[in-house]
Amino acid sequence: TEGIAALLRQATRARSVGPDDSFTALGGDSLGYLQVQMGLEARLGRAPDGWENMTLAELEALEPARPGRWSRLSIDVILRIVATSLVVAQHASALPLYGGTWVLILLMGFSASRFQMRSIVAGEPAKILTKMLYPILPFYLLLIVLYAIAPRDALPLSYMLLLGNYHVHDGGWLLGVYWFISLYVQLVALMALVSMLPRVREALVRAPWQTVTVALALVLLVEALVTFWPGYMNGDQVAQVPVPYYAVRGLLECLPIFLLGAAIQLAKGRGQLAVTLLLAAAVVPLFTRILYTVEPEFWLIASILALAFLPPVPVPS
């Protein structure tokens, strides 16, 4: 009993866990989800379906079962492993393994709607920022400090202001790969902002999928107007407004992928899923327009279909 409470507290970085608290209510994330699932399997022999929404008291009441030889991993966990492997392999080799970054953005939206929706509708921006930026942001800031004091090239102001995704640089720059942290923080900040808007919160309570899909459609419309504007992007895939930046790294350009991941997770029934996939059919071509290679399109389409249709995957315990 005490072990399950300690497991939830450690995975969600909560100060305390009460009998009525669940993993979702505590603001858990996708990495903590895997940690708790493995812990429950070790303690109970199995992790029941929907355990992330079960209270501590309900988890404590479960009878231990004989451990099985097989466990089940949700498809988003499998995709996260694949996407992370692609990112590492791309930067560690000369192989054209592009696409993992945008799969991670898709999964971020999927996980945000799954684990952070309760904090959003409850109007808890501080909780969202704390749970999703710690310990990522402190480590990033430490890296920035170390880079600033090292006898290297001057540190761009954009990376200090968490606007690194709007910085154009030549290849081989050490901090270049950390543009994703800036985009991640910007997406989290948007979530915190949404949690501060009462009318949007009310809409998310009444109709979460409908609200997210309307937001996705509006963002797609704005992105289409911007990206098809004459002079938006030069031949090197560098957008020109409001400042020169790599188009595939912009918040506006990546936001539809994030919202699409959220819409897939929230879709209930064939009708909502069909509409979501129709929106995906608009997201991918728009994003393809600004890509510098075709590999990300393949991984993005495969991941969208996997999230939409594949059940949890059996794996050896």
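Is Arg13 buried, partly exposed or exposed, and what is its relative accessibility? In this predicted model, Arg13 has 32% relative accessibility and so counts as partly exposed. Buried would require a value under 20%, and exposed a value over 50%.

Now look at the partner. The side chain of Arg13 meets that of Asp29 in a salt bridge, at 3.8 Å from N to O. The pair links distant parts of the chain, 16 residues apart. Asp29 and Arg13 both sit in the loop between α1 (2-12) and α2 (30-44). Asp29 has 22% relative accessibility, so Asp29 counts as partly exposed too.

Side chains of opposite charge can pair when their charged atoms come close. The count here comes to 5 salt bridges. Another of them joins Arg114 and Asp76, at 3.5 Å from N to O. This pair also links distant parts of the chain. Arg114 lies in helix α5, and Asp76 lies in helix α4 (residues 75-92). The two residues are 38 apart. Arg114 has 17% relative accessibility and therefore counts as buried. Asp76 is buried as well, because its relative accessible area is 2%.

Next comes Glu124 with Lys127. Their side chains meet in a salt bridge at 3.9 Å, N to O. Glu124 has a relative accessible area of 30%, so it is partly exposed. Lys127 is partly exposed, with a value of 22%. Elsewhere, salt bridges with shared partners join Glu52, Asp76 and Arg114 into one network.

Two packed helices are described by the angle between their axes and the distance between the axes. Take α5 (residues 100-121) and α14 (residues 295-309). Their axes come within 9 Å and cross at roughly 25°. Angles under 35 degrees count as roughly parallel. The helices α5 and α14 are therefore roughly parallel to each other. The crossing of α5 past α14 is right-handed.

Finally, turn to the surface. Which residues form a nonpolar patch there? They are Phe139, Leu142, Val145, Leu146 and Ile149. Together they have about 540 Å² of accessible area. Leu142 belongs to helix α7 (residues 136-149).

Notes. Residues are numbered from 1 along each chain as its sequence is written. This is a predicted model: local features need pLDDT of at least 70, side-chain atom pairs count only at pLDDT 80 or more; totals for chains, interfaces and linings use all residues. Side-chain values use heavy atoms; hydrogens and water are left out. Patches are made of residues with over 30% relative accessible area and no salt bridge: like charges are joined within 9 Å, nonpolar side chains (Val, Leu, Ile, Met, Phe, Trp, Tyr) within 5 Å. Accessible areas come from the Shrake-Rupley method with a 1.4 Å probe; for residues, only the protein chains shown count as cover. A salt bridge is a side-chain nitrogen of Lys or Arg within 4 Å of a carboxyl oxygen of Asp or Glu. Helices (H or I, at least four residues) and strands (E, at least two) are DSSP runs, numbered from the N terminus. Axes are lines fitted to C-alpha atoms, for helices over the stretch in contact, and angles run from 0 to 180 degrees between N-to-C directions. Angles under 35 degrees count as roughly parallel, over 145 as roughly antiparallel, 65 to 115 as roughly perpendicular and the rest as oblique. A crossing is left-handed if the near helix is turned anticlockwise from the far one by less than a right angle, and right-handed if clockwise. Buried means under 20% relative accessible area, exposed over 50%, partly exposed in between (1.4 Å probe, protein chains only).
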